[in-house]
Amino acid sequence: MRTRRLGIALMVMAGLAAGTVAEAGTTLRLGHTDPPDGLRHKAALLFADKVKEYTQGRYSVDAHHSSTLGDDPKLLEQVKLGAIDFAVTGVGIYSNQIPELGLLALPYLVENYEQGWQLFDTSPWVKEWFGKLQTKNIRYLAMWEAGFRQVTAKRPVRTPEDVKGMKIRISKNQMYLWIWSTLGANPTVVALGETYISLQQGVVDAQENPIPTIHVQKFYEVAKQISMTNHIYAPIPLSIYEKRWQSLSPADQAAIQKAAMETSVWHRKAVVGEDDAMVAEMQAKGATIIKPDIPAFAKATRPVYDKAAENFPKGVLQGLLKDTDVVKAKYPVK
C-alpha cells in the first residue's frame, strides 16, 4: 500500500512539474533598435501578445528595444548565428546577407505606400530573393512598416545641390553609399544609437531615416531642418532564426506566421495614420519642414541605377524593375 501511495504521489508531482513547464513555455528573444515609446516597439509587443495567444502559451516573446541586443547589422547577424530568435530591422540591412536585396533600396523605386505594399507582398522577385535568406539561417516572416526615408540636417535641403559636401550619417549599406556619393555628399556610417550625439557634436551634418525613427530618436532636436525627400521606401522585415523555425511544430509555425502577418497589418496602418501627427509635433517643437524638389532628386540619383546595372546581373535588376513597373501601373501617384 505504501509503495502504491508513493507511486501515485510521484505521478502527481510529475504531472504538476509538466504543467509548470507547459505553463511557462519557451521564451524567444526579439531585438530592434527603437526606444520603448516608438511604434516599432509597440508592434513588437503586439506580436508578443499574439504569439503567446496563438501558441496557447507554448511560446512567449521577450522584446528588447533601444539596441540593447546590438545595432541593426548585429541584430541580423545574431539571428543568423542563433544568438537571438527574431530581429526587426531595415530592409537595406539585409543586403549584408544577400547583396541582391540591396536593390530594394534603389532611390524612388516606388513612390507611395500602396506601391510599396504591393511590391513587397506580391512580387515574385521579392519572394525569391527573401527566400534565399534561408541559406543564411534566416527566415523572413513578414514586412513591418517604417515608411519613406527623409533627411534631417543642420541646414536646409531643398535641391540636390544642397547636400554637396554634407557629411550625412548612413547605416552600413552599399546602396546608401552609392546614393549619397552620387549626390556629392560624404556618407558616413554611424550606428543608430550614436547618431544623436554625432549630430549634436558635429561629427555629421545630417542623417536620413523614416519619420517614425526621426521622431522617436528625437533627431529633429539637433538637426532641425526636416526635408521630405521620400528617397527610399524602407519597410522593416521581421525574421526568425531558421533552425529555431524548423524546431517548431507545424501548428506553432502557423501561429507565429499568423501573429507576424497580423502585426504587419496593424503596423502599416499605425505608421500611415501617425506620420502627419509626428511631423506636426516635431514642427511644433521647433523643426522646420521642407518640401524639396523631389523630381530633381529623382533625376540626380538616376546614375545609381547605372551603378547597380554594373554590379548586378542584368536579369536580376530587370526582374525587380519589371515588378515595380507592374505595381506603379496599378497604383499610380495621384
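Predicted model: local features only at pLDDT ≥ 70, side-chain atom pairs only at ≥ 80, totals over all residues.
## Helix 4 against helix 10

As for geometry, the axes of helix 4 (residues 113-122) and helix 10 come within 12 Å, crossing at roughly 165 degrees. An angle over 145 degrees counts as roughly antiparallel, and helix 4 and helix 10 are therefore roughly antiparallel to each other. Their crossing is right-handed.

## Helix 2 against helix 10

Helix 10 (residues 250-284) also packs with helix 2 (residues 39-54), this time at an angle of about 155 degrees and with the axes 9 Å apart. That angle makes helix 2 roughly antiparallel to helix 10. Helix 2 goes past helix 10 in a right-handed crossing. What's in the contact of helix 2 with helix 10, by class? There are 14 nonpolar residues, 6 charged ones and 2 polar ones.

Five of them make up an open sheet with mixed pairing, and the order reads 2-1-3-10-4. Which strands stand at the edges? They are strand 2 (59-64) and strand 4 (138-144); each has a single partner strand, so one side of each is left without a neighbour in the sheet. Direction ignored, neighbouring strands of this sheet are turned by 25 degrees against each other on average.

Take strand 4 and its pairing with strand 10 (residues 236-241): the two run in the antiparallel sense over 6 bridges. Within that pairing, Met 143 has Pro 237 of strand 10 as its bridge partner.

## Helix 2 on the sheet

Helix 2 packs on this sheet as well, touching strand 1 (26-31), strand 2, strand 3 (86-88), strand 4 and strand 10. Its direction makes about 170 degrees with that of strand 2.

The model has 10 aromatic pairs. One of them is Phe 47 with Trp 144, an edge-to-face pair at 5.7 Å centre to centre, with 70 degrees between the planes. Why does this pair tie together parts that are 97 residues apart in sequence? Because Phe 47 lies in helix 2, while Trp 144 is in strand 4. Strand 4, remember, is one of the edge strands of the sheet, and helix 2 touches strand 4 as part of its packing there.

Definitions and conventions. Residues numbered from 1 in each chain as written. Heavy atoms only, no water. Axes fitted to C-alpha atoms, helices over the stretch in contact; angles between N-to-C directions. Helix = DSSP H or I, 4+ residues; strand = E, 2+ residues; numbered from the N terminus. Parallel < 35°, antiparallel > 145°, perpendicular 65-115°, else oblique. Left-handed = near helix turned anticlockwise from the far one by under 90°. Nonpolar A, V, L, I, M, F, W, Y, C, P; charged D, E, K, R; others polar. Pairing = 2+ DSSP bridges. Contact = heavy atoms within 4.5 Å. Phe/Tyr/Trp six-rings, centres within 6.5 Å; stacked < 30°, edge-to-face > 60°.
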